[in-house]
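Thanks for coming. I will go through one structure today, pocket by pocket and ring by ring, and then stop.

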Amino acid sequence: MIIRFFVKASIFAGFIILSYAATGADLSKRQSELKSIQTQINAQQNDLKNTSKQREKLITLLKKDEQAIARAASRVNETQTSLKNISSQLIDLEKQQKSLTAQKVGQQKTLSKQLSSAYLAGNHDYSKMMLNQQNPATIERMLAYYQYLNNARIKAISKLKTTSEQLVEVQNKQVKKQQQLNTVMIDQKQQAKQLSNEQNQRQQTLTQIQRTLSNKGAQLEQLQIEEASLKRIVEQAVVTAKANPLMDGLENRKGKLSWPTKGRMSERFGSNRSGQIKWKGAVLTAPEGQNIKAVAAGKVIYADWLRGFGMVMVLDHGKGYMSLYGHAQTLFKEAGDSVNDGESIALVGRSGGQTEPSLYFEIRHKGQAVDPARYCR
């Protein structure tokens, strides 16, 4: 009986030892798995940090690319304006040349007739009249007549000389303007090439940024950062606008303003952008390089690159009203400049990482975004 008890006890103790051994092995395995998971988590976190750092570097590079595009586009625009002015001046000079040429031909005909008349009347010259001892009264009349004809010829010759000199001057101006036009056209080609190179560089940067925004979480985070950047700018603009109390605002111009550029509205105020984020303005799809005009007279209180919105200009219209123009290719005005109603202030572009040319347009009152469709026709 006692022996049987010891045998059972020994068997039970063996089971306990085996059970503990099994539990210890399982715990060790789980600890190993946990360690592996933690290693993966750390690796993921490091990847996320590296991706975020890479994205920030790329956005800084995008800013430089788009600022370079803005400078190149501004030079191209200035060159195009010069070409138009020079071409207009050449047209005016051509008109002057035609007018002077016709005037010269007319004066030559008049002078030719006068000389022909003088030649035909050559047998009545002064010496013959004196030798023939004609009536003094007749001589006096003839002398007066010849003096009149002589004065007319001198005047005609003088006019012809002046016209010929003016014609030569106009022709010289035409040659110089044509040379200037040729030089500007060469500059334009070089500037257009520079602009194309800058745009290609931007596209490469943009492609790399898109790779770092492969999931919706990263995209949403990016939009939140962009919205916060815009909010800071608006807050600064509100403070600046308080220093300009003399302007009339937009309250009396609801429904009367023109849209800043012609285009198709691809995003409306208040529509969903991503998650809980909604559009604070309107997006107008329009051709790249098209003029953007101020919806009303105002003062520039911000003109620079802004994350997510590219080249941005903010105008103060007084009484707490502001208008904002984003995604521009280039800006024509600087902070502190005054702007007239309908004046060109920028060109439509793709700045801020846009793939298609468009204009982002906002109207704000006391810092709060309002539907621009309530103000624009």
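Helix α4 gives the largest share of the lining of the second largest pocket, namely five residues. Please keep in mind that this is a predicted model. α4 spans 216-241, and together with β12, at 368-370, it is one of the elements that supply at least two residues each to that lining. The lining residues are Glu 227, Leu 230, Lys 231, Val 234, Glu 235, Lys 280, Arg 364, Gly 367, Gln 368 and Ala 369. The volume of the second largest pocket is about 200 Å³.

The largest cavity holds about 80 Å³. Around the largest cavity sit Glu 66, Ile 69, Gln 199, Arg 202, Glu 288, Met 311, Ala 328, Gln 329, Arg 350 and Ser 351. Two or more of these lining residues come from each of α1, α3 (136-211) and β8.

Some overall numbers for the chain. The protein chain has four helices and 12 strands. It has 377 residues, and 32% of them are buried. If we take contacts between residues at least 6 apart in sequence, 72% of them join residues at least 24 apart.

Now the cores. In the largest nonpolar core there are 32 residues, and the ones with the most contacts inside it are Leu 257, Ile 292, Leu 315, Tyr 325 and Ile 345. The elements that each bring at least two residues to this core are α1 (2-120), β6 (298-306), β7 (310-318), β8 (321-331), β10 (344-348) and β11 (358-365).

What does Ile 345 touch, leaving aside its neighbours within four places in sequence? Ile 345 is in contact with Ile 292, Lys 293, Ala 294, Met 313, Leu 315, Tyr 325, Leu 331, Phe 332, Lys 333 and Val 339.

The structure contains five aromatic pairs. In one of them, Trp 279 and Tyr 360 are tilted, with 6.0 Å centre to centre and 45 degrees between the planes. Trp 279 lies in the loop between β3 (277-278) and β4 (282-285), while Tyr 360 is in strand β11, so this pair ties together parts of the chain that are 81 residues apart in sequence.

Phe 309 is buried, at 2% relative accessibility.

The charged end of Arg 273 sits over the ring of Trp 279, at 4.4 Å from the ring centre. Elsewhere, ring pairs join Trp 259, Tyr 325 and Phe 361 into a cluster. Tyr 325 is the residue already named among those with the most contacts inside the largest core.

Last, the backbone. Which residue in the loop between β7 and β8 deserves a look? Lys 319 is found there, and although Lys 319 is not a glycine, its phi is positive, at about 55 degrees. Lys 319 counts as exposed, at 53% relative accessibility.

Lys 366 gives a second case, with a positive phi of about 55 degrees and, again, no glycine. Lys 366 lies in the loop between β11 and β12. With a relative accessible area of 64%, Lys 366 is exposed.

That is all I have. To restate one point, the pocket I began with has about 200 Å³ of space, with α4 as the largest contributor to its lining.

Technical notes: Residues numbered from 1 in each chain as written. Predicted model: local features only at pLDDT ≥ 70, side-chain atom pairs only at ≥ 80, totals over all residues. Heavy atoms only, no water. Core = buried A, V, L, I, M, F, W, Y, C linked by side-chain atoms within 4.5 Å. Buried < 20%, exposed > 50% of the residue type's maximum accessible area, 1.4 Å probe, protein only. Contact = heavy atoms within 4.5 Å. Phe/Tyr/Trp six-rings, centres within 6.5 Å; stacked < 30°, edge-to-face > 60°. Lys NZ or Arg CZ within 6 Å of the ring centre and 35° of its normal. 1 Å grid on protein atoms, 1.4 Å probe; cavity = no way out; pocket = protein on both sides within 12 Å on 5 of 7 lines; lining within 4 Å. Points joined across faces, edges and corners; volume = space filled by probe spheres on them.
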